[in-house]
Amino acid sequence: MSKENGATRVFLLDDHDVVRQGIMALLQDEEDIEVVGEAATASEALGRIPAARPDVAVLDVRLPDGNGVEVCRELQSRPDAPVCLMLTSYSDDEALYASVMAGAAGYVLKQIHGSDLVGAIRTVASGESLLDPHSTARILRRLREGSETEDPLPGFSDKERLVFELIGEGLTNRQIGERIFLAEKTVKNHVSSVLSKLGMRRRSQAAAHAARLRARSERGGSD
């Protein structure tokens with residue numbers, strides 16, 4: 001079916017063929033939407049999206065060679081970036097927070113009704129964001145709580161703070177990457193930066209320091 005001029009151009013990234021083909025079939029019935037490309041992996045998507053020039057990229061969060069959050073972050077760093085709509089099977093605060101910080105305009109679950117997904121694509125294509133009030137409130141509360149307390153980690157980036165916190169939980173680099181949607185190599189670089197800024201040489205020192213800060217926070221900030 002030919003599409004009308006001015007149709008919203010959509011690129012689909014999902015590692016499950018059935019899901020991807022199902023969404024494609026759904027969108028092909030819409031006169032104002034045109035699917036201009038698809039991919040099953042992060043590397044395929046980053047290679048194909050620039051040539052496809054989509055208005056909206058629908059990105060699966062969890063992928064075999066990375067995740068949609070990384071793809072979103074990379075796309076948003078480029079000129080003429082498409083609007084990113086994250087699609088996931090899981091309701092996960094970390095994934096939601098990471099998606100928003102990466103520049104995603106919306107975040108929906110795969111359990112969404114077909115008509116609602118079409119509506120979500122139209123919403124983000126029009127320049128609006130698609131985050132429900134409860135999700136927005138959780139993100140704002142997290143950011144506010146971080147700004148209202150005395151900063152024990154001056155000079156740390158948001159990613160370094162997350163990595164430091166997860167070091168304190170005893171997670172490995174691979175586990176940290178899975179939790180906050182970063183490549184293991186990227187996590188390793190953040191860990192090195194965290195240790196350098198703390199003036200520490202060993203991961204165990206950082207973990208102990210994180211435990212002390214967490215205990216102090218639980219006591220209301222007093223030592």
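How much space lies in the largest cavity? I looked this up before anything else, keeping in mind that the model is predicted. About 40 Å³ of space lies there.

**Cavity**

I counted 1 cavity of 30 Å³ or more. I then listed the lining of the largest cavity: E94, Y97, A98, M101, K159, L162 and I180. The largest share, 4 residues, comes from α4. By class I noted 5 nonpolar and 2 charged residues in the lining, with no polar ones.

**Second largest pocket**

Next I turned to the second largest pocket, which holds about 270 Å³ of space. I found 13 lining residues, and G66, N67, G177, E178 and L182 lie nearest the centre of the pocket. Both β5 (66–67) and α8 (173–180) supply at least two residues of the lining. With 4 residues, α8 provides the largest share. I sorted the lining of this pocket into 6 charged, 4 polar and 3 nonpolar residues.

**Cores**

Which residues have the most contacts inside the largest nonpolar core? They are L59 and M86, in a core of 24 residues. I checked which elements give two or more residues to this core, and they are β1 (8–13), α2 (42–52), β3 (56–60), α3 (68–76), β6 (83–88) and α4 (93–102). Apart from this core lies another, of 20 residues, and I noted Y97, F164, I167 and V194 among them. As a general reminder to myself, nonpolar side chains tend to be buried together in soluble globular proteins.

Leaving aside neighbours within four places in sequence, M86 is in contact with L59, V61, G68, V69, C72, S99, A104, G106, Y107 and V108.

**Helix α2**

Which residues of α2 are buried? I have A42, A45, I49 and A52. Seen down the axis of α2, these buried residues fall within an arc of 90°, so they line one face of the helix. The general rule is that an α-helix has 3.6 residues a turn, so residues three or four places apart point the same way. On the other side of α2, I found S43, G47 and A51 exposed. I also looked up what the buried residues of α2 pack against: β1, β2 (33–39), β3, β4 (62–63) and α3.

**R53**

I stepped on to R53, which follows α2 and has a positive phi, near 50°. R53 lies in the loop between α2 and β3. Is R53 buried or exposed? R53 counts as exposed because its relative accessibility is 56%, and the cut-off for exposed is over 50%. I also took a C-alpha to C-alpha distance from R53 to A81: the two are 8.5 Å apart in space and 28 residues apart in sequence.

**H209**

My last stop was H209, found in helix α10 (residues 203–218). Which residues does H209 touch, not counting residues up to four places away in sequence? I wrote down F164, L198 and M200. F164 was already in my notes as one of the residues of the core of 20.

Notes
Residues are numbered from 1 along each chain as its sequence is written. This is a predicted model: local features need pLDDT of at least 70, side-chain atom pairs count only at pLDDT 80 or more; totals for chains, interfaces and linings use all residues. Side-chain values use heavy atoms; hydrogens and water are left out. A nonpolar core is a set of buried Ala, Val, Leu, Ile, Met, Phe, Trp, Tyr and Cys residues joined through side-chain atoms within 4.5 Å. Buried means under 20% relative accessible area, exposed over 50%, partly exposed in between (1.4 Å probe, protein chains only). Contact means heavy atoms within 4.5 Å. The arc is that of the directions from the helix axis to the C-beta atoms. On a 1 Å grid over the protein atoms alone, a cavity is a set of points where a 1.4 Å probe fits but cannot get out, and a pocket is an open set with protein on both sides within 12 Å along at least five of seven lines; lining residues have an atom within 4 Å of a point. Grid points are joined across faces, edges and corners, and a volume is the space filled by probe spheres set on the points. Ala, Val, Leu, Ile, Met, Phe, Trp, Tyr, Cys and Pro count as nonpolar, Asp, Glu, Lys and Arg as charged, and the others, Gly among them, as polar.
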